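Have your viewer open as you read.

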Amino acid sequence: MDPSFPVLSLLIFLPLGGALLIALLPGKHTPTHAFWQNTPGTVQQQARWIALGTSLAALIIALVMFIIFDRNADGFQFVDEFAWIDAQSLGFNIGYAFGVDGLSMPLVLLTGVLSVVAVLVSWKIDLRPKEYFVWLLVLETSVLGVFTALDLIFFFLFWELELIPMFLLISIWGSGNRNYSAMKFVLYTVFGSAFMLAGFLVLGSAADTFDIRELRGADLGAAILPAQAIFSFILIAFAIKLPVFPLHTWLPDAHTDAPTAVSVLLAGVLLKMGGYGILRLLFTLMPEVGADADLALAIIGAVSIVYGAIVTIRQTDLKRLIAYSSVSHMGFVLLGVSALGVTGMSGAALQLVTHGLITGMLFVMVGLIYDRTHTRQIGEMRGLIHYMPLLGAGLVFAGLAGLGLPALAGFVAEITIFLGAFGQHEAPVLVSMLGVLLAAGYILWALQRSIFGPRDEKWAGLTDSNHWTEFAAIGALTALIILLGVYPRLVMDLLEQGVTPIVEQIEAVAAMGGGGG
Amino acid sequence: MFWAEHAWILPAIPAIAFLVLFAFGRFLPRGGDFISVGAALTVFILFFFVLESHLDSIAAGLGGIANAGTDWVNFDKFIVRLGFTVDSIAIVMVFVVSTVALMVNLYSTGYLRHHGKPEPRYWWYFAVLSLFVAAMLTLVLADNLLLMFVAWEGVGLCSFLLIGFYYERRSAVEAAKKAFVTTRLGDVGLFIGLILFWRATGSFQISDIIAAAEAGRVNDLPQVMGDGYLTLSTLLVFLGAAGKSAQVPFHVWLPDAMEGPTPVSALIHAATMVVAGVYLVARMLPVFEVAPGASNVVLGVGLTTALLAGIMALGQNDIKRVLAYSTVSQLGFMFVALGVGAVGVAMFHLLTHAFFKACLFLGSGSIIHMTEEQDARRLGGLWWRMPVTATTFIVSSIALAGIPPLSGFFSKDEIFTATLGGANTAVVILLGVAAFLSALYMARLVIITFFGPPKVLAVIRRAREADPIILIPLVFLTVLTFLVGFFAFDQVGRAFGFPGGINSYIYFPEPETFHFHNDIAAVTGTVSLLGFGTAWWFFWGRNSRRAEALRAFQPRLAAIVENKFYFDEAYQWAIDRAVLPLARIVAWFDRMIVNDTGINAPADATRYAAYWLRYHVTGRIPDYALLMVVGVALAGGLAFLLRGG
């Protein structure tokens, strides 16, 4: 491929283009009917096929990038950049700069996969389908932008852009207390973003650039705030997104009330923006502060793991249960990061990918079951597997992957994190093991009560999974979870390549005697 | 050496069978059961090729140990090999796994049918059975702890799926979950243990860990714990072994696991998976011997289990549950042997136990299949109606009780000999009591099941001999029960090409020959006969009148035995009264304190403040003027104060 071809920009803005195309579809409410007289049904047809085509095209681009990605080169690849605002005289310049490295490439691919899955599980949306798919695709663009931005301002831009589709998707297509949940999600994130923006501005003005590549290793002595304060400001935003205890309470509400596809994307990729940000920004730009904060991060991680697991036990709504288990699983990311070594940080990055797939699949299964039973209450679902063997088996599989069964993806991430973190922080790691044990308990208990048990006649008329879109979504996720579990090197090598410069920087700082500051 | 070096083919075959069955099983005729049976048969045949190449290597003086493999994960300091080892301990296990798996596969094709019609999910049963065999063989052949752990969890998963095979039954689902979570508790210990070993030695390879432990290199880095680190790591590994092998206090899952189909109980919960813990400790025994105190813990746990489970077996009336507690007790015997450092003896008892216990389970399955009854009190008089089942069952019971010349006698006798040499007299006496109990509960079970008058007419009417496909494995296993015991003798071992009897074979670098003492044999034989006699005295005839009298005499004691020392109740209490209430409190804290007070309260406060504050926007100029005056006055006053007037 021609190196100057802006493949990354194409990838990022392709979903936005698809969204625009859907928005321009002549719909039911167009004042002047076109000659083909679109009915609501055909609008739905066209919208979903365009959405599927766009997200598939984006996935293929991401896959091609993944394949031709140079696994031996340092730094960012597929870089697209030009000076966007060049106001050097005023002391700032903002560059349009995007690129991927070993850390972001797997996450970009994950976004591509889960976006396709999200479109597939939304196939039967009939409430305002046009707008629905528009916002879904805008969401994809914003997430891809976050994972590839090399400029703090663009990072922030896409970080904020994601809120708009999320707010609308939850509050229009959600269920339950959806307005409350959507508002809470937005306010919570914006609260964190305010701190993040403040941190970015201080950083940028101190170093005279917003470019992540140039900021790395830059002297922050001129900053108006101490590095610890900047670090904490930015950490607040990422901690909310990840989320960690005690900043997690938006998550169960947003998950429970969001439509299935949005839950999939929320758990699968949006939470990952927090973990990605910690690795990409905090530890890359301020390694010395990060290296000092390792014990605090390990403790917060361990507390999240155990606290999340304990709260999960008592949940009676299946979606809420999965949401709380995410709090527990995201604690592992912090634990891995706190190891400050290649093993632990790669494990943390791998956890982002595997948790995206596994929890994404859990939400897909619960969503598909909910479409049929119209309940997510564990107590009401008994005996479902007799009527829906495929959906039941899928839920069991995803659950087993979630509790860290070896040879499935989650186990590899967990053990890598444990191995990496154990040499640094024994006590938090040992406490976290409790989370592994509790995970077996809450997942199997939930499965036992929800889908197993004697036949229940009230489900007699329900059908098992029967649509190709459902087969495709379940099949793809199952295959990927097994593939990463059996052959983790597929992304592990890339992630290692991605975190190595971060670790080298931390070690360099440590060798200088913790200088900088 | 080809076959010993390519032993990975053995687990690969059932793994492929699993994939085929999983994908196409339900569309194949007979649910594809022939694929599973075929895979098991191939493994059984290939075992002899592996054995031959292994024995050749011993004969050639190469030591009989073959390693092969490739890197699976190779990442930073984290290296895991997909490596396989064939040595004498592995050979014994592969023999057990392949033989019992083949028998159980054959048996299942008859057992999972009613009046010629397969049960629902017949194909799924065989798919999981094949997966189990693949995982079990991987576990046995793995040369490093992490691959073993992966397989370890894999067999646990198959056990979970097969215990819960009848998932219409709430009790089966409950039992499956209990088995998984209880063993998981031990597995977390094993997991921490292997991380500790990895940290000290930088390797998961069992041979590296043993070498490091023997060289005294298993330490934490600042060396604050000294030998404590080694003991801690070793005991954590033992925690996993005890969980899998259902040792007290983790034994509670195994009797409940009897909810699964009976052939599964024979394969997984008697002959193969539950002995994985014994196998793991046997493999790592040099580490246990170096770690101060570790061997004594193994010995203590094994002895406690052998005794307690023997007593619990006495209070059970469900045939399968009696056998389950008996398995727990016999596993305790194996751990005692390991505790005194006798690997060969433990593996020998593992071998003999696998065959007679599998035979007993399959025999009980034959009874359950035909009579649809598994409460021994409602059976009785089956001897005449099911002669083949009864004969094989009784022969296996005698073997279990340890009466010569059946295999159980030899292996148990070896355990006594080893214990006499390696532990104090109290241990030997307590072990003797446990052996007495084994004879007692087996004789009791045999008497009330097969002898005496039939208790329930409908049950005895249904009792007929089962199909040949069910009887052939019974007979085959009974023959093995006769034969394998003689492998204790060096002459027999040499006749088959081994370097000697099983003891000198397994430990052949340091030959440890069979020590058969007439005195010990006489004593253990007498103890077993005494157990039989006691059972006969208490349970023979008249509805076990004497046993009932004994129970009426000590009702409280009887209740404790029948309730299995209240282990299950204690756990249930802990879950209901401690874990769930704690979870409820934390969940309440999460909602009420973190969310409603921490998050919603500031939000509400902001909203109320905004609600009231908007009233200052009145749109009337006099109000604004007033506010302006007040503001200027306040600012002026403040400035005045700050400047210190």
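This is a predicted model: local features need pLDDT of at least 70, side-chain atom pairs count only at pLDDT 80 or more; totals for chains, interfaces and linings use all residues.

Chain A and chain B bury about 4,600 Å² between them, and the rule finds two salt bridges across their interface. On the backbone side, there are cis peptide bonds from A:Phe245 to A:Pro246 and from B:Pro404 to B:Pro405, while A:His374 and B:Phe565 have positive phi values.

**How the two chains meet**

- The size of an interface is often expressed as the accessible area that is lost when the parts come together.
- For chain A and chain B that area is about 4,600 Å², and 73% of it lies on carbon and sulfur atoms.
- In terms of residues, 55 from chain A are in contact with 45 from chain B.

**Polar and charged pairs across the interface**

- Two salt bridges are found by the rule between chain A and chain B.
- A salt bridge links B:Arg591 with A:Asp253, and their closest N and O atoms are 3.6 Å apart.

**The chain A side of the interface**

- Helix 18 of chain A (residues 426–450) supplies the largest share of the side that touches chain B, with 10 residues.
- Sorted by class, this side of chain A has 34 nonpolar, 13 polar and eight charged residues.

**Cis peptide bonds**

- In chain A, the bond joining A:Phe245 and A:Pro246 is cis, with omega about 0°.
- To find A:Pro246, look in the loop between helix 9 (227–241) and helix 10 (250–257) of chain A.
- In chain B, the cis bond runs from B:Pro404 to B:Pro405, and its omega is near 5°.
- B:Pro405 sits in the loop between helix 18 (387–401) and helix 19 (407–422) of chain B.

- A:His374 is not a glycine, yet its phi is positive, near 60°.
- The loop between helix 15 (342–373) and helix 16 (389–402) of chain A holds A:His374.
- Is A:His374 buried or exposed? A:His374 counts as exposed because its relative accessible area is 58%, and exposed means over 50%.
- B:Phe565, likewise a residue other than glycine, has a positive phi of about 60°.
- B:Phe565 belongs to the loop between helix 27 (555–562) and helix 28 (567–613) of chain B.
- With a relative accessible area of 28%, B:Phe565 is partly exposed.

Conventions: Residues are numbered from 1 along each chain as its sequence is written. Chains are lettered from A and ligands numbered from 1 in the order in which they are written. Side-chain values use heavy atoms; hydrogens and water are left out. Helices (H or I, at least four residues) and strands (E, at least two) are DSSP runs, numbered from the N terminus. Buried means under 20% relative accessible area, exposed over 50%, partly exposed in between (1.4 Å probe, protein chains only). Contact means heavy atoms within 4.5 Å. Buried area is the accessible area (1.4 Å probe) that two parts lose on being put together, summed over both. A salt bridge is a side-chain nitrogen of Lys or Arg within 4 Å of a carboxyl oxygen of Asp or Glu. Ala, Val, Leu, Ile, Met, Phe, Trp, Tyr, Cys and Pro count as nonpolar, Asp, Glu, Lys and Arg as charged, and the others, Gly among them, as polar.
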